[in-house]
Amino acid sequence: MSKQEFLMRLCKGLSELPQNEIEERLTFYSEMIDDRMEEGLSEEEAISAIGSIDEIITQAVTETPLTKIAMERIKPKRRLSAGEVVLLVLGSPIWLSLLIAAFAVILSVYAALCSVIISLWAVFGSLIGCAFGGVVAGIVIACSANALSGTAMLAAGIVCVGLSIFMFYGCKAATKGTLILTKKTAVWIKNCFIKKEVA
């Protein structure tokens, strides 16, 4: 594939992004190909070293903020007629309330997910506190007053240490999973925006 073909395919794949983003990407990859050719690679080797066009397009969509894509999509291609403006204004109680409700539902689901993660970390913190307190209290009680009660308290502290280790890995995995889910959801929303315009 030649440099010109590569840039044309890239431009076509990025066609739904804002124009300045497309120009920046095309300039960046054009300079990258030129730099690699100056280093002694052939045109085809320089292009193959960059990677596949599909990966580049996916990365560009991921990195472009949703607000930029949305602003580009809602720019009118032509002036709205008076009738269209009247319909938008009269229909605003319906479409605006639906938009607000959808936003509120998405926000509440995300808040609930975040509260679960915070609760898991709080349980982890309380297990650490119980472990520390149980071990210290068990040693103090075993040495000063009642060896049997102190041993039981020490055993409970050690159990809390073990549970807190398991809880840490569970909390870490849940947090990482939530972050991955958030990123994938954002990319899905961006792709829906773009595909809706293409269709």
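## The main core

Let's start in the middle of things. The largest nonpolar core holds 17 residues, and those that touch the most other members are Phe6, Leu10, Leu14 and Tyr29. Four helices, α1 (3-13), α2, α3 (43-50) and α4 (53-63), each give at least two residues to this core. The largest share comes from α4, with five residues. Keep in mind as you look around that this is a predicted model.

Setting aside its neighbours within four places in sequence, Leu10 is in contact with Leu26, Tyr29, Ile53, Ile56 and Ile57. Another core lies apart from the largest one; this other core has six residues, including Leu127, Ala131, Cys160 and Met167.

## The chain as a whole

The protein chain has seven helices and zero strands, so its elements, read from the N terminus on, run α-α-α-α-α-α-α. Of its 199 residues, 22% count as buried.

How much of the contact in the protein chain, at a separation of 6 or more, joins residues 24 or more positions apart? Such pairs account for 69% of those contacts.

## How α1 meets α2

Two packed helices are described by the angle between their axes and the distance between the axes. For α1 and α2, the axes come within 10 Å and cross at roughly 155°. An angle over 145 degrees counts as roughly antiparallel, and α1 and α2 are therefore roughly antiparallel to each other. Their crossing is right-handed.

Which residues of α1 and α2 meet? From α1 come Lys3, Phe6, Leu7, Leu10 and Cys11, while α2 brings Ile22, Leu26, Tyr29, Ser30, Ile33 and Asp34. The residues of this contact divide into eight nonpolar, one polar and two charged.

## How α1 meets α4

The helix α1 also has α4 as a partner. Their axes come within 10 Å and cross at roughly 40°, and therefore α1 and α4 are oblique to each other. The crossing in which α1 passes α4 is right-handed.

On the α1 side of this contact are Phe6, Arg9, Leu10 and Gly13, and they meet Ile53, Ile56 and Ile57 in α4. The residues of the contact of α1 with α4 comprise five nonpolar, one polar and one charged.

## Two residues of α2

Arg25 is found in helix α2, which spans residues 19-38. Is Arg25 buried or exposed? Its relative accessibility is 14%, and because buried means under 20%, Arg25 counts as buried. Not counting residues up to four places away in sequence, Arg25 touches Leu14, Ala60, Glu63 and Thr64. Leu14 is one of the residues that touch the most other members of the largest nonpolar core.

Met37 is found in helix α2 as well. Met37 has a relative accessible area of 33%, so it is partly exposed. Leaving out residues up to four places away in sequence, Met37 touches Ser42, Glu43 and Ala46. Met37 and Ile47 are ten residues apart in sequence, and their C-alpha atoms are 9.3 Å apart in space.

How values were computed. Residues are numbered from 1 along each chain as its sequence is written. This is a predicted model: local features need pLDDT of at least 70, side-chain atom pairs count only at pLDDT 80 or more; totals for chains, interfaces and linings use all residues. Side-chain values use heavy atoms; hydrogens and water are left out. Buried means under 20% relative accessible area, exposed over 50%, partly exposed in between (1.4 Å probe, protein chains only). Contact means heavy atoms within 4.5 Å. A nonpolar core is a set of buried Ala, Val, Leu, Ile, Met, Phe, Trp, Tyr and Cys residues joined through side-chain atoms within 4.5 Å. Axes are lines fitted to C-alpha atoms, for helices over the stretch in contact, and angles run from 0 to 180 degrees between N-to-C directions. Angles under 35 degrees count as roughly parallel, over 145 as roughly antiparallel, 65 to 115 as roughly perpendicular and the rest as oblique. A crossing is left-handed if the near helix is turned anticlockwise from the far one by less than a right angle, and right-handed if clockwise. Ala, Val, Leu, Ile, Met, Phe, Trp, Tyr, Cys and Pro count as nonpolar, Asp, Glu, Lys and Arg as charged, and the others, Gly among them, as polar.
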